[in-house]
Amino acid sequence: MSTPLAELHMHIEGSLEPELIFELAQRNKVDLPYRDLDDLRSRYEFTDLQSFLDLYFANMTVLRTAQDFADLARAYLARAAAGGVRHAEIFFNPQAHTARGVPLPAVLEGLADAVGSSEAEFGVSSDLIAAVLRDRPVPEAEAMLDEVLRLDVPVLGLGLDSAEVGYPPSLFVDVFDRARSNGLRTVAHAGEEGPPDYIRQALDLLRVERIDHGVRCLEDEALVARLVEEQVPLTVCPLSNVRLRVVDTLAEHPLRRMLEAGLLVTVNSDDPAYFGGYVDDNFARLQAELGLTDAERETLARNSIRASFASAERKAELL
Ligand code: ADE
Ligand code: ZN
C-alpha cells in the first residue's frame with residue numbers, strides 16, 4: 001500500500017472555489033464584480049505572483065463570518081481526504097481579514113472548529129499556520145503575532161508569504177524571534193520569485209524549519225549542498241509554479257532534479273482553487289507530464305510525513 005500524504009503548503013483562502021465564492025457572496029450580501037461563474041473563471045489566467053495575489057485578495061471579501069471560514073476549511077479537508085491526504089498544515093492570512101474589518105477571533109473560531117474535528121470527520125489531522133503578509137508594514141505583522149499569542153487558539157506556527165521580491169526575510173527577524181521564543185514552529189516562503197539569498201536569510205536570520213517553494217535554490221550550488229546536508233524540507237508546488245510562470249511547463253519542472261540532488265522535497269497544492277488542482281491533481285499531472293514514477297511518488301509521500309510537524313505518534317501511524 002502506498003504511504004499516505006501530508007500536505008504542508010496550502011493557503012486556506014486559496015482553496016476558495018468559484019462556486020463557494022458565489023454562494024458566500026449571496027449569503028453575506030456582497031456584490032461581486034463578476035457577471036457569472038464563467039466570467040470569474042475567465043480571470044484565472046496569471047502572468048506572475050502579483051497577478052494571482054490581486055484576484056486572491058479580491059475574492060476573499062466574501063469571507064466574513066466564523067461560519068464562512070469553517071465551511072471553507074471543511075470543503076478543503078473533505079477534498080484533501082479524497083485525494084489521499086491524511087495530515088494537513090494549513091496557512092491562513094490574518095492580516096488579509098483584519099485589514100478589511102473581519103476580527104481575528106471570528107476567523108480563528110471558524111478555522112479552529114474545522115481543524116479541531118478534522119481527524120474524526122475526515123481522517124485528516126490538521127494544524128494552522130498564521131502567515132505574515134510580507135508586503136505590508138512590519139508593525140502590522142508584530143500586532144498580528146501579538147493577537148495570535150494573546151488569543152487562546154490552536155495556532156501551531158508562523159509563516160511568511162505574499163509578494164516576495166523587495167520584501168526580504170531580514171525585515172521580519174524580530175517577529176520570527178518572538179514567535180519562536182513563544183513556542184511557535186516557523187516556516188517561510190522563499191525562492192519562489194525571490195533570489196536564492198532570500199532562502200539563506202530565511203534560514204540564517206529567521207531560523208525557519210522549512211522553506212516554502214525554494215525552487216530557485218538550484219541557481220546556487222553551495223546553497224543546494226547546504227539544504228541537502230541539513231535536510232531542510234522544501235514544500236514545492238508544481239502546478240502553482242506553472243500557473244505563476246516560475247517554470248514554463250510541468251515537463252520542465254525541476255522536481256526530479258531536486259530529488260536526484262538529495263533535497264528533502266515535498267509536493268503541495270499552494271492555492272488549489274486557483275492553480276488547477278489539489279495535491280492528488282499535482283501528482284497525477286506529474287506522472288503524466290514529468291513521468292514521475294511510483295518510487296518517486298513514494299519518496300515524496302514519505303518526505304511529506306517526515307517534514308511535517310505532526311506528533312511522533314501520528315508520524316509513526318502514517319509512515
Ligand atoms: N499566498 C498565497 N499563495 C502564495 C504564493 N504562491 N506565494 C506567496 N504568497 C502566497
Ligand atoms: Zn504558498
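Gln-231 lies in the loop between α11 (221–229) and β7 (233–236), where helices (H or I, at least four residues) and strands (E, at least two) are DSSP runs numbered from the N terminus. The phi angle of Gln-231 is near 50 degrees, a positive value in a residue other than glycine. With 12 C-beta neighbours inside 10 Å, Gln-231 counts as exposed; a residue is called buried if 20 or more other C-beta atoms lie within 10 Å of its own, exposed if 12 or fewer, and partly exposed in between, with C-beta atoms placed from the backbone. The structure is a predicted model, in which local features need pLDDT of at least 70 and side-chain atom pairs count only at pLDDT 80 or more, whereas totals for chains, interfaces and linings use all residues. Residues are numbered from 1 along each chain as its sequence is written, and chains are lettered from A and ligands numbered from 1 in the order in which they are written.

A positive phi also occurs at Lys-29, with a value of about 55 degrees although the residue is not a glycine. Lys-29 is placed in the loop between α1 (18–28) and α2 (37–41). Lys-29 is exposed, as 7 other C-beta atoms lie within 10 Å. Most residues other than glycine have a negative phi.

The protein as a whole has 16 helices and eight strands. Its radius of gyration is 18 Å, close to the 20 Å that the globule rule gives for 319 residues, so the protein is as compact as a globular protein of that length. The radius is taken over C-alpha atoms, and the globule rule is 2.2 Å times the number of residues to the power 0.38. Along the principal axes, the C-alpha atoms fill a box of roughly 50 × 40 × 40 Å. Of the 319 residues, 47% are buried. Among contacts between residues at least 6 apart in sequence, 75% join residues at least 24 apart; two residues are in contact if their C-beta atoms, placed from the backbone, lie within 7 Å.

The UniProt record, in an unreviewed entry, lists residues 4–319 as "domain: Adenosine deaminase". UniProt positions are given in the numbering used here, feature names are shortened, and annotations may be inferred rather than shown by experiment. The span 4–319 is 47% helix and 16% strand, and its end C-alpha atoms lie 8 Å apart.

The largest nonpolar core has 95 residues, and those with the most contacts inside it are Ala-73, Ile-90, Phe-92, Leu-111, Val-132 and Ala-202. Such a core is a set of buried Ala, Val, Leu, Ile, Met, Phe, Trp, Tyr and Cys residues joined through C-beta atoms within 7 Å. In soluble globular proteins, nonpolar side chains tend to be buried together. Beyond its neighbours within four places in sequence, Leu-111 contacts Ile-12, Phe-69, Ala-73, Phe-92 and Leu-128. Ile-12 itself is placed in the loop between β1 (5–11) and α1 and is buried, with 27 other C-beta atoms within 10 Å. Not counting residues up to four places away in sequence, Ile-12 touches Leu-72, Ala-73, Tyr-76, Ile-90, Phe-91, Phe-92 and Leu-111. The C-alpha atoms of Ile-12 and Ile-90 are separated by 6.2 Å, although these residues are 78 residues apart along the chain. By contrast, Val-153 and Ile-211 are 58 residues apart in sequence and 24 Å apart in space, C-alpha to C-alpha. Val-153 lies in the loop between α8 (138–150) and β4 (155–161) and counts as partly exposed, with 17 C-beta neighbours inside 10 Å.

Asp-271 is placed in the loop between β8 (264–267) and α14 (279–289) and is buried, with 25 other C-beta atoms within 10 Å. Apart from neighbours within four places in sequence, Asp-271 is in contact with His-11, Gly-14, Tyr-56 and Ser-240. Glu-192 is placed in the loop between β5 (185–190) and α10 (196–204) and is likewise buried, with 24 other C-beta atoms within 10 Å. With the same exclusion of neighbours within four places, Glu-192 is in contact with Leu-49, Glu-164, His-213, Val-215 and Val-246.
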